[in-house]
Structures are given as structure tokens and as C-alpha cells.
Amino acid sequence: MTTRTKYSPITRSGFGAELEGLDLARLDETMVNEAMDAFHEAGGLILIRDQGHIEPDDLLEFVSRFGTPEGNEKYDPSFLVPHYPDILRIGNARKDGMHTALFIQADPPPFLWHMDDSFRHPQPAGSCLFCVRTPPEGGETGFAGMTAAYEGLPDDVKARIDSIRTVHSYHHLNELLRKKNRHRPPLSKALIEQFPPIVRPLVARHPETNRKSLYLPLCHIESVEGLEKSEGDALLNGLQDHAIRDEYTYMHRWRPGDLVVWDNRCTLHAPTPFDDTRYERLMYRLTFGGRQIAGF
């Protein structure tokens with residue numbers, strides 16, 4: 001196969017890759033395969049710039065190669081790109097005084113590092129964000145590579161945590177968010193029954209690359225099996241402090257036409273706030289399914 005796509009790492013650890021030479025409006029099989037190879041080799045994060053000319057069809061076709069797009073039935077239909085129910089608009093865009101996108105303002109630091117919906121099965125395998133409009137400051141998105149972070153741990157720590165399991169809970173996450181937002185309601189009985197706590201490994205083996213990674217959406221983890229709360233909290237907090245060190249993280253400053261695709265099974269992400277009274281931000285988001293991690 002002739003290689004036409006160039007990519008370079010975007011962190012010191014090798015996590016994340018910026019791809020050059022791709023035009024999503026003129027994709028062919030070679031380009032797609034090279035992008036997917038880079039995605040896995042870089043630990044589940046790729047960045048492609050200068051795609052402001054593409055259409056929703058191009059975006060959907062490309063992302064669909066990574067997994068099956070998930071529906072957006074739980075969102076207001078007015079937040080979806082017309083005729084593209086798989087593409088959700090995110091941001092503070094308005095028309096005639098009404099929001100035309102899902103807007104949840106991010107909190108200031110400490111950032112809410114997470115993997116989407118680890119409290120449900122099947123969990124989304126990955127997601128993408130495509131930048132339509134962005135403020136001149138703020139509104140960045142952070143990414144942290146959990147494969148590189150795991151591989152950077154001392155051997156004795158790996159041996160200690162390899163068999164540990166944790167309890168992930170939507171109720172726990174919601175109660176955490178309610179502490180920051182007093183107007184956020186408790187989960188309904190129906191949602192509690194729909195999403196009961198589930199147990200997942202603290203160290204996950206990726207179903208496609210077979211590499212180990214930390215499975216550490218800390219805000220979703222209610223407890224650590226077999227450990228007292230204080231001991232479990234200390235372990236998880238220490239691991240997250242390690243995992244969000246500079247060599248494993250990338251803070252993306254958006255510009256229109258940027259596309260980022262990340263692997264939800266081995267990558268944390270975190271939003272940052274912006275001044276939504278002065279600036280408008282609009283992103284397109286797709287979430288896709290795929291092979292699930294084992295061990296829960």
C-alpha cells in the first residue's frame with residue numbers, strides 16, 4: 001500500500017496524532033485505512049485540520065468507518081443537523097432567541113475528565129467533534145491517553161492494579177454534578193432502574209489493539225471493589241494525577257474546520273469553559289459504537 005497520509009505525534013508520549021494530506025470530501029480506501037491505523041497506533045486520538053469545506057455526508061461517511069453511529073433520540077430534535085439525525089449540534093448557537101444546539105457550559109478547573117457513558121452497556125466506542133465556529137479564547141477540549149499513561153506506570157503499580165475492578169454509576173455522576181449545579185434534578189426512578197451500577201476493570205485491554213490502558217473516568221466511579229472508600233479514593237486520585245500529566249495530555253485549541261476523533265475506550269476528555277455572553281461556539285458531534293472492552 002502506498003502511504004499518502006502523513007502524521008505526527010502531538011504529545012511526548014506518542015499519544016495522539018495530527019494527520020496531514022486528508023481531504024474528507026475526496027476520501028479513498030487508502031486514506032481511510034491509513035487514518036484508522038494512525039488512530040490505533042496513536043492510542044485513540046487523531047486530529048485532521050482544514051476541513052471547513054466538507055458536507056455532513058462527508059463527515060458521516062468518514063466517522064462511520066470507525067464504528068456504527070449512535071442515534072440521538074434522547075436529545076431535542078431541533079439540536080440535530082437537519083436530515084442528519086446522527087449528527088448533534090453542541091454549543092450556544094441560537095436562532096430567533098432559541099437554542100439550536102445542546103449547550104452545557106463547562107466548569108472552570110479542575111476539569112471533568114471522563115469517558116462517555118462508562119456506566120452503561122454497550123458503551124460508545126468513540127466520538128468525534130467537528131468545529132463549525134469557535135470563540136477566540138476558551139472552549140478548548142482536553143484529551144488524555146490512558147494507554148500511554150498505563151504504560152508509563154512503574155511495574156509494581158501495574159501488578160497491583162491489573163486485577164482491580166471498579167463500580168461505575170450514573171447516579172454517582174449525577175449527584176457529583178448536582179453539587180456544582182443546584183438546579184440539576186436527581187435521577188428519576190426510571191433512570192436509576194435503566195442504568196444500575198455496573199462493574200468494570202480498572203485496567204482494560206483494548207478489543208482491537210490488545211494494549212492495556214487505565215479505565216479511569218473518575219467522576220463515574222462510585223467505589224473500588226475490595227477497598228475501603230478512603231483507600232479506593234486515594235488510589236484513583238493518584239492514578240488520575242499520573243494520567244493527566246503533560247506527557248499524556250493534549251489541550252486542543254479549536255479553529256473552524258478541525259475534526260478530532262477519539263477512542264472512548266482508552267481516552268479521557270474534558271471540556272473547558274468560554275464566555276458564552278460574548279462568543280458563539282458550534283460543534284458537530286457524532287458518537288459511534290464498536291467492540292466493547294471485556295472483563296465486567
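This report describes the aromatic pairs of a predicted model and the placement of the residues that form them. Local features require a pLDDT of at least 70 and side-chain atom pairs count only at pLDDT 80 or more, whereas totals for chains, interfaces and linings use all residues. Residues are numbered from 1 along each chain as its sequence is written, and side-chain values use heavy atoms, with hydrogens and water left out.

The structure holds nine aromatic pairs. Rings of Phe, Tyr and Trp (its six-membered ring) pair if their centres lie within 6.5 Å; planes under 30 degrees apart count as stacked, over 60 as edge-to-face and the rest as tilted. Two of the pairs are set out below.

| Pair | Geometry | Centre to centre | Angle between planes |
|---|---|---|---|
| Phe39 and Phe66 | edge-to-face | 5.0 Å | 75 degrees |
| Phe143 and Trp262 | tilted | 5.3 Å | 55 degrees |

The pair of Phe39 and Phe66 links distant parts of the chain, 27 residues apart. Phe39 belongs to helix H1 (residues 29–41), and Phe66 to the loop between helix H2 (56–64) and strand E4 (68–69). Helices (H or I, at least four residues) and strands (E, at least two) are DSSP runs, numbered from the N terminus. Both Phe39 and Phe66 are buried, that is, under 20% relative accessible area with a 1.4 Å probe and protein chains only. One aromatic cluster is formed by Phe39, Phe62, Phe66 and Phe288.

The pair of Phe143, in strand E10 (residues 141–145), and Trp262, in strand E17 (residues 259–263), also links distant parts of the chain, 119 residues apart. Phe143 counts as buried because its relative accessibility is 0%. Trp262 is likewise buried, with a relative accessible area of 2%.

Methods
Buried means under 20% relative accessible area, exposed over 50%, partly exposed in between (1.4 Å probe, protein chains only).
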